[in-house]
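Student: I have a model open and want to go through a few spots in it. Can you take my questions as they come?

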Amino acid sequence: MKIAVTGGIASGKSEVMQLLRDMGKTTVDADKINAKLLDSKPYIDKIRTLFPQTVTAGKVNKKALSEIVFNNPDKLAELNAVAHPAIINILNNIKGDIFAEVPLLVESGMQHCFDKVVVVTAPLETRLDRVKARDGIEKEFAMKIVSSQATDEQRLKHADYVIDNSGGEDALKKQVEKLVSDLCGK
């Protein structure tokens, strides 16, 4: 069974994934897949074609790329048109039962690649505070990232399970344990 775990930036997807790993579940991360792709020459060549100013000496400057795409929805769409099919291809070739962290599941249309979808939610202000602290960015730029993503309402339309990450660690852990029990019987 392939289970997608999605949610907005700083909703707590990574914490959910860590709890799943602690429970012995197999996990994959679409962002890490994308990071590996960013080390692949054919993928870098595609990025260079679209965003030549972001590739120097065969390496993608991720900060420069993010500044471009999160300030221009058309550029973000161009990047996603390259990234999403490559990520889907890799995810489709993974065998066995997995939990996959896919931040842009709805935006990419990948929800149909999974047997179940888990949406992690948290209040917007909490998420903004988390991303500002984690990434050292200003609230305005954090809001640009949030507004470039699907809304919780859009994600929830595809949800088989919802994890509310507005409480503490214990509340989150109980929800993940229930999720695993419901899906895996353990």
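Student: Which residues is arginine 155 in contact with, leaving aside its neighbours within four places in sequence?
Tutor: Thr6, Gly7, Gly8, Val106, Glu107, Val119, Gln149 and Ala150. Contact here means heavy atoms within 4.5 Å. This is a predicted model, where local features need pLDDT of at least 70, side-chain atom pairs count only at pLDDT 80 or more, and totals for chains, interfaces and linings use all residues. Residues are numbered from 1 along each chain as its sequence is written, and side-chain values use heavy atoms, with hydrogens and water left out.

Student: Is arginine 155 buried or exposed?
Tutor: Arginine 155 counts as buried because its relative accessibility is 1%. Buried is under 20% relative accessible area, exposed is over 50%, and partly exposed is in between, using a 1.4 Å probe and protein chains only.

Student: What does its side chain reach at 2.7 Å?
Tutor: A polar atom of the arginine 155 side chain lies 2.7 Å from the backbone oxygen of alanine 150.

Student: Where is arginine 155 found?
Tutor: In helix H9. Helices (H or I, at least four residues) and strands (E, at least two) are DSSP runs, numbered from the N terminus.

Student: Next, where is aspartate 160?
Tutor: Aspartate 160 is in the loop between helix H9 (152-156) and strand E7 (161-164). Its relative accessible area is 41%, so aspartate 160 is partly exposed.

Student: What does aspartate 160 touch, not counting residues up to four places away in sequence?
Tutor: Asp115, Lys116 and Val117. The aspartate 160 side chain reaches the backbone nitrogen of valine 117 at 2.8 Å.

Student: How far is the C-alpha atom of aspartate 160 from that of proline 123?
Tutor: They are separated by 20 Å, with the two residues 37 apart along the chain.

Student: Changing topic to helices. At what angle do H7 and H8 pack?
Tutor: H7 (residues 124-135) and H8 (residues 139-148) pack at about 115°, with axes 10 Å apart. Axes are lines fitted to C-alpha atoms, for helices over the stretch in contact, and angles run from 0 to 180 degrees between N-to-C directions.

Student: Which residues make that contact?
Tutor: On H7, Leu124, Glu125, Arg127, Leu128, Val131 and Lys132; on H8, Lys139, Ala142, Met143 and Val146.

Student: And which residues of H1 and H10 meet?
Tutor: Glu15, Val16, Leu19 and Leu20 in H1 meet Leu172, Lys173, Val176 and Val180 in H10.

How values were computed. A polar contact is a pair of N or O atoms within 3.5 Å; within protein, one must be able to donate a hydrogen and the other to accept it, and residues adjacent in sequence count only if both atoms are side-chain atoms.
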